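Here are my notes on the model you sent.

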Amino acid sequence: MTLQSNRRQDVVRVLWRWTRDTPDAVPRVRTALRCALDQLGYDGEALDDAVLAVSELAANALEHAPGPYEVRLRFTAGRLTCEVADTDPQIPTVPVLKAVAPYGPAPEHRGGGLDALLTVLSERGRGLQVVHHLTCGAWGFAAERGGRTKVAWMAIPET
């Protein structure tokens with residue numbers, strides 16, 4: 001499938017649909033988005049950041065919302081947006097997120113060796129912080145289909 005953006009109107013391209021029972025769903029979301037963005041000329045850090053951020057949004061959908069799910073690209077006159085849709089109408093409360101990297105080391109927490117590192121890496125609940133950082137705050141949630149579904153979206157910077 002070849003993707004072309006139509007910058008004059010709102011065009012949505014569904015990249016992939018899946019259910020809760022789909023094996024390896026999040027890696028498959030990453031692959032679908034990477035292929036699509038590659039076709040659109042994205043590469044390097046912009047491509048990697050977009051794929052990681054969407055991976056976090058897809059993982060959140062799988063964990064917190066019923067399926068089916070889909071990942072899609074929306075081309076508008078002003079930007080390219082990636083969306084992860086699910087069938088949960090509840091828009092989550094977004095915590096206040098700092099405009100700095102979520103994993104900046106604090107001097108009092110340095111050291112501790114491998115056990116301390118594994119403890120930090122095993123903590124959950126940082127996905128939206130990662131998305132916020134990678135998108136410079138250009139992300140959010142929206143209701144769709146008369147409030148019956150929700151979409152987690154993120155803007156993808158121009159190449």
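The points below go from the overall fold to single residues.

1. Basis. This is a predicted model, in which local features need pLDDT of at least 70 and side-chain atom pairs count only at pLDDT 80 or more, while totals for chains, interfaces and linings use all residues. Residues are numbered from 1 along each chain as its sequence is written, and side-chain values use heavy atoms, with hydrogens and water left out.

2. Fold. The chain contains four helices and five strands, in the order β-α-α-β-β-α-α-β-β along the sequence. Helices (H or I, at least four residues) and strands (E, at least two) are DSSP runs, numbered from the N terminus. Contact here means heavy atoms within 4.5 Å. Among contacts between residues at least 6 apart in sequence, 67% join residues at least 24 apart.

3. Burial and surface. Of the 159 residues, 36% count as buried. Buried means under 20% relative accessible area, exposed over 50%, and partly exposed in between, with a 1.4 Å probe and protein chains only. The accessible surface of the chain is about 9,400 Å², and 53% of that belongs to carbon and sulfur atoms. These areas come from the Shrake-Rupley method with a 1.4 Å probe; for residues, only the protein chains shown count as cover.

4. Core. A nonpolar core is a set of buried Ala, Val, Leu, Ile, Met, Phe, Trp, Tyr and Cys residues joined through side-chain atoms within 4.5 Å. The largest one has 36 residues, and those with the most contacts inside it are W18, L37, V71, L73, M154 and I156. At least two core residues come from each of β1 (11–18), α1 (25–39), α2 (44–64), β2 (69–75), β3 (80–86), α4 (127–134) and β5 (149–156). α2 gives the largest share, nine residues. As background, nonpolar side chains tend to be buried together in soluble globular proteins.

5. Helix α1. This helix has 15 residues and reaches 21 Å from first C-alpha to last, close to the 21 Å expected at 1.5 Å a residue; the expected span is 1.5 Å times one less than the number of residues. Its buried residues are A25, V26, V29, A32, L33, A36 and L37. Seen down the axis of α1, these fall within an arc of 120 degrees, so they line one face of the helix. The arc is that of the directions from the helix axis to the C-beta atoms. The buried residues of α1 pack against β1, α2, β2, β3 and β5. After α1 comes G41, with a positive phi near 95 degrees.

6. Helix α2. With 21 residues, α2 reaches 31 Å between its first and last C-alpha, close to the 30 Å expected at 1.5 Å a residue. Buried in α2 are L47, A50, V51, A53, V54, S55, L57, A58, A61 and L62. Their cover includes β1, α1, β2, β3, α4 and β5.

7. Aromatic pairs. Rings of Phe, Tyr and Trp (its six-membered ring) pair if their centres lie within 6.5 Å; planes under 30 degrees apart count as stacked, over 60 as edge-to-face and the rest as tilted. The count comes to three aromatic pairs. The rings of W18 and Y69 have centres 5.4 Å apart and planes at 25 degrees, so this pair is stacked. W18 is in strand β1 and Y69 in strand β2, 51 residues apart, and the pair links distant parts of the chain. W18 is buried at 1% relative accessibility, and Y69 is buried at 2%. W139 and F141 form an edge-to-face pair, 5.8 Å centre to centre with 80 degrees between the planes. Ring pairs also link W16, W18 and Y69 into a cluster.

8. Backbone points to check. Which residues does a cis peptide bond join? They are G67 and P68, with omega about 5 degrees; P68 is in the loop between α2 and β2. C136 is not a glycine, but has a positive phi of about 55 degrees. C136 lies in the loop between α4 and β4 (139–144) and is exposed, at 73% relative accessible area. R145, also not a glycine, has a positive phi of about 55 degrees. R145 lies in the loop between β4 and β5 and is partly exposed at 48% relative accessibility.

9. T149. This residue is in strand β5 and is buried at 7% relative accessibility. Leaving aside neighbours within four places in sequence, T149 is in contact with D86, T87, D88, P89, A142, A143 and E144.
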